[in-house]
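Q: Hi! Could you walk me through this one with me?

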Amino acid sequence: MISKELEEILACPKCKGEIKISECRSVVVCETCKLKYSVDNDIPIMLIDKAEKLV
Ligand SMILES: [Zn+2]
């Protein structure tokens with residue numbers, strides 16, 4: 001499970017802004033860019049290429 005500390009350290013690679021971990025802890029979301037980053041084995045994949053658009 002992703003820790004609160006990690007959530008605070010992580011930044012969106014696109015806008016360098018804050019990200020949020022979803023309640024299910026399976027995606028990391030940047031509300032500014034409307035992008036979501038997947039989480040693999042508790043490690044967020046913070047790559048713009050791998051990000052998906054929020055619907
Ligand atoms: Zn962003």
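Q: Where is N41 found?
A: N41 sits in the loop between β3 (35–40) and β4 (43–44), where strands are DSSP E runs of at least two residues, numbered from the N terminus. This is a predicted model, so to speak of local features pLDDT must be at least 70, side-chain atom pairs count only at pLDDT 80 or more, and totals for chains, interfaces and linings use all residues. Residues are numbered from 1 along each chain as its sequence is written.

Q: What is phi of N41 near?
A: Phi of N41 is near 50°, a positive value in a residue other than glycine.

Q: And why does N41 count as exposed?
A: Because N41 has 4 C-beta neighbours inside 10 Å.

Q: What about D42, buried or exposed?
A: D42 counts as exposed, because it has 11 C-beta neighbours inside 10 Å. D42 is also in the loop between β3 and β4, and its phi is positive, about 70°, although D42 is not a glycine.

Q: Switching topic: which residues make up the largest nonpolar core?
A: Nine residues: C12, I19, I21, V27, V28, C30, L35, Y37 and A51. A nonpolar core is a set of buried Ala, Val, Leu, Ile, Met, Phe, Trp, Tyr and Cys residues joined through C-beta atoms within 7 Å.

Q: Which strand gives the most to this core?
A: β2 does, with three residues.

Methods:
Helices (H or I, at least four residues) and strands (E, at least two) are DSSP runs, numbered from the N terminus. A residue is buried if 20 or more other C-beta atoms lie within 10 Å of its own, exposed if 12 or fewer, and partly exposed in between; C-beta atoms are placed from the backbone.
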